[in-house]
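Open your viewer and get ready to select residues by number. This tour moves through a few stops, with something to look at in each.

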Amino acid sequence: MGETVVPIDDDSIQELPTSIKDTPVARQAVPGLDLRELESWLPLTESRNGTTFSATFHLLCSGIGFQALLLPAAFLSLGWAWGIICLSIAYTWQLYTTWLLVNLHEPVPGTRCSRFVRLSIIAFGPKLGKLLAIFPVMYLSGGSCVMLIITGGNSMKQFFNIICEEGTMCRSKSLSGTHWFLIFTCIALIIGQLPNLNSIARVSLTGAITSIGYITTIWALSISKGRANGVSYSLPEAEKTGMNGFSNILNAIGIIMLAFRGHNLILEIQGTLSSDSQHSSGKSMWRSVMVSYLIIPMCLFPLAIAGFWAYGNKIPASGVGILTAFSEFRIQDTSKFVIGLIYVWLTVSCITSYQIYAMPAFDNLEFVYARSRKNRCPGWVRVGLRLFFGGLTFFIAVAFPFLGSLAPLIGGMAAVPLTFAYPCFMWISIRKPRSNGATWILNLVLGCFAILLSILLIVAAIWNLAYNGLNANFFRP
């Protein structure tokens, strides 16, 4: 592959492959095909007419998810003080790496990196860049969609059980978990026929509203209803010492770190914004980040603190966490309408999040077609590719309904490095700050510490699986 020397800033230059012209994941230039034309065919970059508002909607929809429902459970191992400290550090850390990604979106004037893997290739080279980024991006796209099917399908089932009381005719006709997964997937795929990332802005707005709605309702009602009976704020002594205690602390840190999500979509969202020499996309994107990341902690911090205060050790560290405890302890003094509304909001949030997390996969599938045919995907091919992806995620959700139990393990391998480590190393590689300077040291320390945490989280997850076992209920959702 040929290379060219392209200036990065006034003080340094960086050798970059000529294939960095914002092409999709693991892609080489297509002979005989203009790259700008290729980009105009693909879902992530088909439309660059996004606004600060649409980017904010996407950030909120992708940044607030059901993973936040587990945050109160993390406080059980960490305690009040360390729980709040770790949550604050994780929030500040991921906000900083977001800033890095926003400013690396255009590493060279006139060149935009609208896909995470492309930026990884620029920073680390074609081989290492693909090796480091492809699995995390694939997991955070396809794997997130699978988890959304599992969570959304189970939420639909819970809503049905709430409105149909035990002994009624409708309860006798209750559907199986597979049927609920299928209903969820069908709804998601119908909405998923919208052509590109910019076109789902209103869908993301709906997701942002419902996510804020169910999280705010849970923590507000938890405070107003008071603490549940028999609540304890500490683990049993046997769970505090030895390897069990160490593993529980690391798993709690993992829950906090995995609650902050969406970094695999930062560059893609910024790619929907227009950019020129006068008005860089970075300014508009950073305004969207500031607005969305002001709202996100207003949801997550009260949920974690109020949820732990209300339910303490009653919150399971899996599934939908505090929502399970809320439904169990508040079913008698909370109207079915309110509890049902929470599950409806959670379901809608999962359906809308499916759209934005599936978009990179849609983009990759359409690239394969466009590269081979040197033409835009016809409508019927686009529909077929998206149905294929939806069918694949549905099959995995049905085959591995226990995938949530493996989330700490896979998240430690994929989400933690991508969110907390890679952006720091990318900044050093591309921007080339002065060696041993403050910026260089800061990014090197943060990146290395994130990799160390990732390794420790993987070890803790493996220990937890070995100690507690895994309920591998294949094909029995």
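Helix axes here are lines fitted to C-alpha atoms over the stretch in contact, and the angles between N-to-C directions run from 0 to 180 degrees. Helices are DSSP runs (H or I, at least four residues), numbered from the N terminus. You are looking at a predicted model, in which local features need pLDDT of at least 70 and side-chain atom pairs count only at pLDDT 80 or more, while totals for chains, interfaces and linings use all residues. Residues are numbered from 1 along each chain as its sequence is written, and side-chain values use heavy atoms, with hydrogens and water left out.

**Stop one: α3 and α17**

Select α3 (residues 71-104) and then α17 (438-468). The two axes come within 13 Å and cross at roughly 120°. That makes α3 oblique to α17; angles under 35 degrees count as roughly parallel, over 145 as roughly antiparallel, 65 to 115 as roughly perpendicular and the rest as oblique. The crossing of α3 past α17 is left-handed, a term used if the near helix is turned anticlockwise from the far one by less than a right angle (right-handed if clockwise).

Now show side chains. From α3, pick W93, Y96 and L100; they meet L442, N443, L446, F449, A450 and L453 of α17, where contact means heavy atoms within 4.5 Å. Colour this group by residue class and you get eight nonpolar, one polar and no charged. In this scheme Ala, Val, Leu, Ile, Met, Phe, Trp, Tyr, Cys and Pro count as nonpolar, Asp, Glu, Lys and Arg as charged, and the others, Gly among them, as polar.

**Stop two: α11 and α12**

Next, select α11 (residues 281-311) and α12 (residues 322-329), whose axes come within 11 Å and cross at roughly 40°. α11 and α12 are therefore oblique to each other, and α11 passes α12 in a left-handed crossing. On the α11 side, highlight L303, G307 and Y311; on the α12 side, I322, A325, F326 and F329. This contact divides into six nonpolar residues, one polar and no charged.

**Stop three: aromatic rings**

How many aromatic pairs does a search of the whole structure find? It finds 21, counting rings of Phe, Tyr and Trp (its six-membered ring) with centres within 6.5 Å; planes under 30 degrees apart count as stacked, over 60 as edge-to-face and the rest as tilted.

Zoom to F135 and Y139, a stacked pair at 6.4 Å centre to centre with 25° between the planes. Both lie in α5 (residues 126-163), four residues apart, about one turn of the helix. F135 is partly exposed at 39% relative accessibility, whereas Y139 is buried at 16%; buried means under 20% relative accessible area, exposed over 50%, and partly exposed in between (1.4 Å probe, protein chains only).

Jump to F400 and F402, which pair edge-to-face, 6.0 Å centre to centre and 75° between the planes. F400 is partly exposed at 32%, while F402 is buried at 6%. Then select F75, W80, Y233 and F308 together: they form one aromatic cluster.

**Stop four: positive phi**

Most residues other than glycine have a negative phi. Find N436 in the loop between α16 (415-431) and α17: its phi is near 70°, and at 56% relative accessibility N436 counts as exposed. Finish at F475, in the segment after α17. Here phi is near 55°, again positive in a residue other than glycine, and F475 is partly exposed at 48% relative accessibility.

Technical notes
Helix = DSSP H or I, 4+ residues; strand = E, 2+ residues; numbered from the N terminus.
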